[in-house]
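This report describes a protein model from its overall make-up to selected details. The sequence and structure are shown first.

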Amino acid sequence: MAYSLITFEQTKSPIAEAYRVLRTNVQFTSVDSETQIIMVTSSGPREGKSHTVANLGVSMAQSGKSVLIIDADLRNPTQHKLFGLDNGEGLSVSLVQDQDYHKYIRETTVPGVMVLSAGPVPPNPAELVGSKRMKCLIEEVSDQFEIVLIDTPPIIAVTDAAILAQEVDGVILVLAAGEVNKGYAQKAKEQLDKLGVKILGAVLNKVEMNSNEYYYYYYYNASDDIKKKHTSNKAP
């Protein structure tokens, strides 16, 4: 693999455990309503949303779920790099040429995880992800996989994520600790609220760690408030 998938390569690491906590928290949101199709976005670039998608997908597969990761970030695709896959063809080709997307879904080295890479960067990403073909694709894969994770561009920068948010069961917002502008983070949440989508929670990524312990923060919604959960464990 071109990039490290820590939940697969270092299953006993503190970070892998943090992703298992995230997986559990996401699963708890399914108690009253099904949460099968999940979109992951961020307020801005380089906050770690794509790594979050990949590692959460691996963690969910490790719990016995069949997982499909769709790279719908047609502007800056990353999932093929994380899983070491070719990106010559993929979602964009399927949508532009109205071809069967099944032939572009790839197996990975991680049991239970399949990936539909983004494909070549098109000139009209928002138009493609907002097409009827994309909507049909999401509906069909929901019948074939237990969990569908969709990687999208940052929600503030472009309209792609806002368009796709209306087709999913819930959204996870990834924020980079010490990097994200608080105003941008609030604006991202407000934009999701206006769309009427279910915000499963927000992951505070890139939290500084030391040699003795790690910190993982997961924010989740309870009614209209955002509560904070903090776990701290000694490193092995």
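The model is a predicted one.

## Overall composition

The protein has nine helices and nine strands. Of its 236 residues, 52% are buried. Its accessible surface is about 11,100 Å², and carbon and sulfur atoms account for 48% of that area.

Among contacts with a separation of 6 or more, 72% are between residues 24 or more positions apart.

Strand 2 (residues 67–71) is largely enclosed by the rest of the structure, because five of its five residues are buried. Val67, Ile69 and Asp71 point one way from the strand, while Leu68 and Ile70 point the other way. In a regular strand, side chains alternate between the two faces of the sheet.

Strand 2 pairs in the parallel sense with strand 4 (residues 113–116), over four bridges. In this pairing, valine 67 stands opposite valine 113. Strand 2 also pairs in the parallel sense with strand 5 (residues 147–151), over five bridges. There, aspartate 71 has aspartate 151 as its bridge partner.

Nonpolar side chains tend to be buried together in soluble globular proteins. The largest nonpolar core in this model holds 38 residues, and those touching the most other members are Ile70, Leu91, Leu116, Met134, Val141, Ile150 and Leu164. Helix 7 (residues 132–141) gives the most to this core, contributing four residues. A second, separate core of 27 residues includes Tyr19, Leu82, Leu149 and Leu200.

Isoleucine 70 belongs both to strand 2 and to the largest core. Leaving aside residues up to four places away in sequence, isoleucine 70 touches Leu91, Leu116, Met134, Leu137, Val141, Val148, Leu149, Ile150 and Asp151.

The side chain of serine 43 makes a polar contact with the side chain of glutamate 47, at 2.6 Å. Not counting residues up to four places away in sequence, serine 43 touches Pro154, Ile156, Leu173, Val174, Leu175, Val180, Tyr184, Ala185 and Ala188.

Definitions and conventions. Residues are numbered from 1 along each chain as its sequence is written. This is a predicted model: local features need pLDDT of at least 70, side-chain atom pairs count only at pLDDT 80 or more; totals for chains, interfaces and linings use all residues. Side-chain values use heavy atoms; hydrogens and water are left out. Buried means under 20% relative accessible area, exposed over 50%, partly exposed in between (1.4 Å probe, protein chains only). Helices (H or I, at least four residues) and strands (E, at least two) are DSSP runs, numbered from the N terminus. Two strands pair if DSSP finds at least two bridges between them. Contact means heavy atoms within 4.5 Å. Accessible areas come from the Shrake-Rupley method with a 1.4 Å probe; for residues, only the protein chains shown count as cover. A polar contact is a pair of N or O atoms within 3.5 Å; within protein, one must be able to donate a hydrogen and the other to accept it, and residues adjacent in sequence count only if both atoms are side-chain atoms. A nonpolar core is a set of buried Ala, Val, Leu, Ile, Met, Phe, Trp, Tyr and Cys residues joined through side-chain atoms within 4.5 Å.
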